[in-house]
Amino acid sequence: MQIMLLSSGLAEYSAKVSSGDIEFPIPDNCPNPDCGAHHSFQGHGWYHRFACNFFDRLWQLISIRRYLCKSCGKTISFLPSFLMPRFHFSICAIIWSLLFGFTRNKSFGSLHRFHKKRLLSKIQVLIMSLRESGWSADVSCKCPIKKAISVLLGCYAGPGIEAFASKHFDKQQKALLAL
Ligand SMILES: [Zn+2]
């Protein structure tokens, strides 16, 4: 089970984890539908994964906090909102690779191709999510690429991509671009 932790970016998250200046909002009740135990979580260490911010191409090993439900034995991990489950590239890097591919005909190879398919298949879900956040851009255009560009730019509008990704995850129980 994963909880998305609102985090503004890779560098800030790493600095906060290193200094211990970070809080994890543990749920009152276990989110496992077969469990639901009250105040049942205890610390369960950290796991480590690589993350990459596209702009500086800095691959960094980051620590992800885990808790264990003492009742059902399931773990919850706190995924920072600049990442998507199972992907090393930050959400910001993925969005920019898509935008560059669409607007400058400059492809970033498999990263662009892979996420382009996912984006186009999820475009209506993203539009709905953006609308709920108050986004009002016109997306009546028939061209799927122009529509996709508008949606990608919309992800940056308002409080920013990490905040939007976190809100989207809470509502949909899926990361941005996750199928
Ligand atoms: Zn449980």
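Helices, in what follows, are DSSP runs of H or I with at least four residues, and strands are runs of E with at least two, both numbered from the N terminus. Please bear in mind that this is a predicted model.

On that basis, the protein has six helices and four strands. Read from the N terminus on, the order of elements is β-α-β-β-β-α-α-α-α-α.

Let me turn to the overall dimensions. Along the principal axes, the C-alpha atoms fill a box of roughly 50 × 35 × 25 Å. As for contacts between residues at least 6 apart in sequence, 62% join residues at least 24 apart.

I now come to the helix pair. How do helix α4, residues 123–132, and helix α5, residues 144–156, cross? Their axes come within 10 Å and cross at roughly 40°. Because of that angle, α4 is oblique to α5. The crossing of the two helices is left-handed.

Which residues make this contact? From α4 they are Ile123, Leu126, Ile127 and Leu130, and from α5 they are Lys147, Ala148, Val151 and Gly154. Sorted by class, the contact of α4 with α5 has six nonpolar residues, one polar and one charged.

Thank you for your attention.

Terms used. Residues numbered from 1 in each chain as written. Predicted model: local features only at pLDDT ≥ 70, side-chain atom pairs only at ≥ 80, totals over all residues. Axes fitted to C-alpha atoms, helices over the stretch in contact; angles between N-to-C directions. Parallel < 35°, antiparallel > 145°, perpendicular 65-115°, else oblique. Left-handed = near helix turned anticlockwise from the far one by under 90°. Contact = placed C-beta atoms within 7 Å. Nonpolar A, V, L, I, M, F, W, Y, C, P; charged D, E, K, R; others polar.
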